[in-house]
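Reader: I am new to this structure and would like a close look at a single part of it, with some account of the surroundings. Could you take me through that slowly?

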Amino acid sequence: MKLLVSAIEPSANLHLKFILNELNKFQVPGSNFQVDIIGVFDKSLGEPVIDSNEFNVMGFFDVLPKINLAKKTIEKLVEMSKYADKVLLIDAPSFNLRLAKKIKKLNPDIKIIYYILPKVWAWKKGRIKEVNKYIDKKAYIFPFEKEFWRDGIYVGNPLLDEINEFRDNKTYGNVAFLPGSRVSEIKSLMPVFKELAKKIDKKPLLVVPEIYKKRIKNIYGDVKEFDIIFNTHEALLKSDFAYICSGTATLEAAIIGTPFVLMYKARHFEYLIAKSLVKLNYVGLANVIFERENLSEFHKEYLQKFDINELINDYKQSSLEEFQEKSQKLRKILKYGSAKNMLNLLKGEL
């Protein structure tokens, strides 16, 4: 089978990697299920027509020069779809829904699988109609999404594939700081993180994405008070508490079992626009999941305004035992990882 893949974001490629790992267990000599992937993905996973890293050097959705690259890439993928047996789209709805529409126009009979569907429960519910029109198999990763994708399939959550260690009950003497992956997020939170690091009686660990390894001073400023770590899971596993920018890292910490608070700060007008568009009581994914399950708040959230003394008090009063009880509940809700079910979906067995 020739599989056309669109994975333009780093997280999408991480999830794709675990699907391919499952696939490799079946692609032994003599197997009647062989898959060749073509399309856009990280070059470490094969031979893409365009390396997905070209989209992420400066941040795809925030940078105007990338728009022309996106248009040309969609044209190329649509043409390639004529030689593919199936299509796998991963996340990135602004890109992938446009791609799906154009592929179906040229090649209406090809099966399109969408893994990690648009977060219509947060905003842009109009995308439900688009997905239903152009997508043949819908694979969602949060159980509550069944409400929106009734004919979809809950395949599990990819983080349960990617996280195979959970925090023990030891005290490590570290506090982790995760200011996000977007430069604007980092620059907004670093002044607060630096102030916290000076006042907390623990060793501060600053988590930096690998892509910023050579640009630390330019992006983060003077970070002499921090120990730098490039692996999120490693930092969380040996920290007693964490301060985390809104995003997937909050769900990772919730699953790993490291107590944390969510922090987010944007420019005032951007925050007002987002608040008017997103109709949710919580920002953190663990909180969203718990609310859908009629459970209590998983963790605290601070948006826009931060009180240093209150943030320090959160760390001092945190209970590892209580937090890990919530973590166990969360894992039971999510049930299992998604890689095996995605493989079965590709094989036509789901």
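Author: What follows looks at the loop around one serine, and then turns to a helix and to a sheet elsewhere in the chain. The model is a predicted one, and the description should be read with that in mind. Ser239 sits in the loop that links helix H9 (232-237) to strand S11 (241-245). Its relative accessibility is 0%, and Ser239 therefore counts as buried, since the cut-off for that word is under 20% relative accessible area. The side chain of Ser239 reaches back to the backbone oxygen of Ala235, at 2.6 Å. Leaving aside residues up to four places away in sequence, Ser239 touches Arg167, Asn174, Val175, Ala176, Leu205 and Thr258.

Helix H10 (residues 248-256) is mostly covered, with eight of its nine residues buried; among them are Ala249, Thr250, Glu252 and Ile256. After H10 comes Gly257, which has a positive phi near 100°.

The sheet is an open one of seven strands, paired in parallel and ordered S3-S2-S1-S4-S5-S6-S7. Its edges are strand S3 (50-51) and strand S7 (153-154), each of which pairs on one side only. Strand S6 (residues 137-140) pairs with S7 in the parallel sense over two bridges, and Tyr140 has Tyr154 in S7 as its bridge partner. Helix H4 (residues 93-106) packs on this sheet, where it touches strand S1 (2-6), strand S4 (86-90) and strand S5 (111-115), and the direction of H4 makes about 170° with that of S5.

Methods: Residues numbered from 1 in each chain as written. Predicted model: local features only at pLDDT ≥ 70, side-chain atom pairs only at ≥ 80, totals over all residues. Heavy atoms only, no water. Pairing = 2+ DSSP bridges. Helix = DSSP H or I, 4+ residues; strand = E, 2+ residues; numbered from the N terminus. Contact = heavy atoms within 4.5 Å. Axes fitted to C-alpha atoms, helices over the stretch in contact; angles between N-to-C directions. Buried < 20%, exposed > 50% of the residue type's maximum accessible area, 1.4 Å probe, protein only. Polar contact = N/O pair within 3.5 Å; in protein donor to acceptor, adjacent residues only side chain to side chain.
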